[in-house]
Amino acid sequence: MERLLTGRRVLLTGASRGVGLAVARLFVRHGAQVLGVARDSRRLERLAAELSPAGPEAFAWLALDLTETTAPAKLARVVSERWGALDILMNNAGVQLSDARGFEGEPPGTLEQSMAVNLYAPFHVSLACLPLLRKGSEPRILQVGSGAGDFERMRSTGIPSYRLSKWALHGLTLLLAAQLAPEIAVNALDPGWVKTDLGGPNAPGTVDEAADGALELALLPFGVTGKFYKNGVEISF
Ligand SMILES: NC(=O)c1ccc[n+]([C@@H]2O[C@H](COP(=O)([O-])OP(=O)(O)OC[C@H]3O[C@@H](n4cnc5c(N)ncnc54)[C@H](OP(=O)(O)O)[C@@H]3O)[C@@H](O)[C@H]2O)c1
């Protein structure tokens, strides 16, 4: 198998399960060095053991809650000590906390917590990592957005806090892309509706398909920035 990410240094949030876990496996298989982040240390430890045959540099992990105010600086410090630079930041961790049809049906704090994980964490982690990305090679930020947060779906009902947080993340993608061009590419991924704890058991897609989409995004020509992709095809925000 051709290894497409040899030596790429990747900070991946939400690596403990779901899409992030599949991305960690795929990226390591392609020769990347991955630092995986999530809260659940047991799952991360298990993943590290699984990936250890790929070598001591292939997968490292850090257990932390991305909504804690100290998390972004801590992540940047760990990356700096490990690599001194960063090639790919993949902001994948996300939550969908309620299935309610409208804002009134969502438990108190749903919007705040959704924004904390799905928007503020990617914002603060991205900013904290900029100096490291600037020292990286063809550096990129990959934001895991969602079709649920595209502009058309702002006219629909269901999961409103989740939609709003992903719509805002898409906006952040565009703003960062404009501000960081041509130094750092910033693009968003719709992983598709896939079977995970978040996507649920009825989702038609698999995490491996989502990980393939992430790989395509990681391999885009470096000049491409401010775009939204699903399965390697550009879609509308
Ligand atoms: N599945 C789908 O159908 C679908 C569709 C469109 C978009 N997406 C997006 O794809 C991304 C991954 O979703 P998924 O389906 O893989 O979800 P998932 O299976 O629920 O996994 C979510 C990941 O985020 C981590 N996470 C959540 N809150 C965190 C926090 N406060 N601090 C650190 N890590 C945190 C979780 O780890 P811990 O619990 O260990 O902290 C876990 O690794 C999300 O951004 C989601 O919005 C998914």
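**A tour of the ligand site**

Select R17 and the ligand: an N or O atom in the side chain of R17 is 2.7 Å from an oxygen atom of the ligand, a polar contact (a pair of N or O atoms within 3.5 Å). This is a predicted model, in which local features need pLDDT of at least 70, side-chain atom pairs count only at pLDDT 80 or more, and totals for chains, interfaces and linings use all residues. Residues are numbered from 1 along each chain as its sequence is written, and side-chain values use heavy atoms, with hydrogens and water left out.

Next, select V19, where a polar backbone atom is 2.8 Å from an oxygen atom of the ligand. Then select T196: one of its polar side-chain atoms lies 2.5 Å from a ligand oxygen atom. On its own the ligand has 890 Å² of accessible area, of which the protein covers 96% (Shrake-Rupley method, 1.4 Å probe).

Now display the shell around the ligand, whose residues divide into 14 nonpolar, 11 polar and 6 charged (Gly counts as polar). Colour α1 (18-29) and α5 (160-180), since each supplies at least two residues of this shell; helices are DSSP runs of H or I with at least four residues.

Finally, move to the aromatic pairs, of which the structure holds 2 (ring centres within 6.5 Å; planes under 30 degrees apart are stacked, over 60 edge-to-face, the rest tilted). Select F151 and W167, a tilted pair at 6.1 Å centre to centre with 40 degrees between the planes. F151 lies in the loop between β5 (140-144) and α5, and W167 in helix α5, 16 residues apart.

Note on methods: A polar contact is a pair of N or O atoms within 3.5 Å; within protein, one must be able to donate a hydrogen and the other to accept it, and residues adjacent in sequence count only if both atoms are side-chain atoms. Rings of Phe, Tyr and Trp (its six-membered ring) pair if their centres lie within 6.5 Å; planes under 30 degrees apart count as stacked, over 60 as edge-to-face and the rest as tilted.
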